[in-house]
Amino acid sequence: MLAHTFGAVLLEGQPPAGFALLITLQPKGGMHLRSSAADRQGVGPGPQARAPRPGAVEAPPRSVPTVLANEEVDTPMPTAQRRPARDQRRSRPKKIPTIRTRDGIGGTLAFRRDQLSFLQSGIERHGDIFRFRPFGIPIVMVNHPEYIRHILIDKGEQYDKDAVIFRVVRPVLRNGLIANPDMVRWRRQRRMMAPHFTPRTVSNFARNMTDEAVLMLERWEARPETDPTLDITDEIGQLALRIVNRSLFSAEVGEVAQEFERAFQVANTVLGAFFRFPFPPLSVLTPSHQRLRRAINVMDEFVSGFINERLAHGVAPGDETDLLTLLLHAVDEEDGTGMDLEQLHHEVLNICIGAYETTTNTLSWIFYLLARHPEVETRLHNEVDAVLGDRAVPTFEDLPKLTYTRMIVDEALRIYSPAYQFMRRAREEDVIDGYRVPADTNILINSYFLHRHPDFWEDPERFDPERFRPDRVVDRPKHAYIPFGSGHRICIGKHFALTEIALVLATVARSRRLVMPEGAPGDDRDEGGGKRGYALLTDTDVLVGELSAADAELDDRDGDDAAEERGEQSPADAGEGARAVPSVEEQQRDDEVARCQHVRDQLGGLHPGVGFGIGGRFGRGEGAHGWVSSGRSQASANSRVRSE
């Protein structure tokens, strides 16, 4: 699942987005969990999560959007679940419905303040395909399994990752698998790396996962009884770092790894703010952009240190190997050569980011859901106890028997996908369900809405692992559920992530349970609890207000262009006609539109040589209501842009 971090961004999204779970240590039947506020801010390319109502769940995880990939055989969607076919052979395909400011949904400012509400309004007004233009950048959102299958499977070669969301994160992820737009180069890397992420290879790292989970439980036991509360988000984050360090580098976590985590959070925060409002350019060294540059240097040094040490000492491929050794010896079957050191660095950094974020986000949300649904937790404990018998620790071979455990994981990934949104770019003109998609269009796929589509998910806000019984899975279109993406760029780390999450969950469930402590907010609070979060406000808010006014002008110009295409007289040319000399008000409006165009050019022109960045998350709702984390700095409030 690597990179289900930015991903989507994002990139290709930590648990209760910005929420820290605090648990009181007790054996089965006694561990308490509570929420706690701190000065964390949830910003970046993903929604600010809200705590769910009792028995319901609303917000996605705090992580960005990541999305990786694996070759995958797809099955056709059952005929009954396909949309009524449109005649795609018509000479003039229909134009995609467009959100305009006059619709009452809002423009750039509305999108920036509350991305989910904005997109929800678009779905309610226009259905499963519509167009909108934040900062004047045309984006088409698709929200139906048939459309997603068309883009990722049927026409997968016609859609690449040279999309705006990946341009934002590419300066950090560079030419790694997650955001690489070069299909030829990507295929070569994929061929070399895919053999090392199969279930068989991943099984060699299962012991690392359970060993580190046991050590975490031992640290919990060693805590003084006077201090029984734990920040689960931090605990799982540390666990994820330890597992990726052992699996990648055969190394223990030290202060350097802690610096990597802090740097990652800083980068997410800064890039999250930039993605929400891409101005000034990253090349302008504002204080936040300087922090971002320092954070990227820290992450680069972290990866380079391990690679240089391995090159200095050397490890033969036949010895006890870790992922770094496997990648060092990987050879492309077509040209017989391996990765150069720069490419190796890019791929290792992608793995570190993806593995850390995916596990932290998903497991933290799972523990939260189990604490809110004790009946599900009881079934989990019963299954784990029955499968393990007198053993204390699960093994890779136990996973096929832990069916309900896997159902819990799948349902948590449905509700809180770490990479809950990602993009593709149309390399050439296409037609989707009768709608014309121009070349270079940015296509947005948002699993927060897809995984709640009422046509495919009954009572979608309810946490119900039974949705993933085999007999119910076969009744749904495959592309109604895509937590790891789909098609040839499906997350390469999918098997690693699912193995790690299930084994850690089973290890903890063998001896511990989580409960909401007495007096904790939850029973009488909206959405199950949590305190007001904080939206990151910057000195660019005034500029955004000006740009929102420019949206209306862009709408009018778009209408004029459409009329011209039809050979009609545009609204501007009708009636009195155009004035030879613009008024002061018109000149001011033109200036605002020019500024909006400048922002669009800055975001659309990002490339590896300009700036740097990781995806963040968008705030969710009025002032970004949501969970607020404790025990971390403001910089750690965001999560990733997800992956592929």
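Buried means under 20% relative accessible area, exposed over 50%, and partly exposed in between (1.4 Å probe, protein chains only). Helices (H or I, at least four residues) and strands (E, at least two) are DSSP runs, numbered from the N terminus. This is a predicted model: local features need pLDDT of at least 70, side-chain atom pairs count only at pLDDT 80 or more, and totals for chains, interfaces and linings use all residues. Residues are numbered from 1 along each chain as its sequence is written, and side-chain values use heavy atoms, with hydrogens and water left out.

**View 1. The buried side of helix α2.** Q115, L116, F118, L119, G122 and I123 are buried in α2. They lie on the same side of α2, because their arc around the axis is only 165 degrees (taken from the directions from the helix axis to the C-beta atoms). These buried residues pack against α1 (108–113), β3 (129–132), β4 (139–142), β7 (421–426), β10 (442–446) and α15 (447–450); contact means heavy atoms within 4.5 Å.

**View 2. The length and end of α2.** Helix α2 (residues 115–126) has twelve residues and should span 16 Å at 1.5 Å a residue. The expected span is 1.5 Å times one less than the number of residues. The end C-alpha atoms are 16 Å apart, which agrees. Just after α2, G127 takes a positive phi of about 95 degrees.

**View 3. Strand β7, covered on both faces.** Six of the six residues of β7 are buried. Q421, M423 and R425 sit on one side, and F422, R424 and A426 on the other. In a regular strand, side chains alternate between the two faces of the sheet.

**View 4. The partners of β7.** Two strands pair if DSSP finds at least two bridges between them. β5 (residues 159–160) pairs with β7 in the antiparallel sense over two bridges. D160 has R425 as its bridge partner in β7. β7 and β10 also pair in the antiparallel sense, over five bridges. M423 has L444 as its bridge partner in β10.
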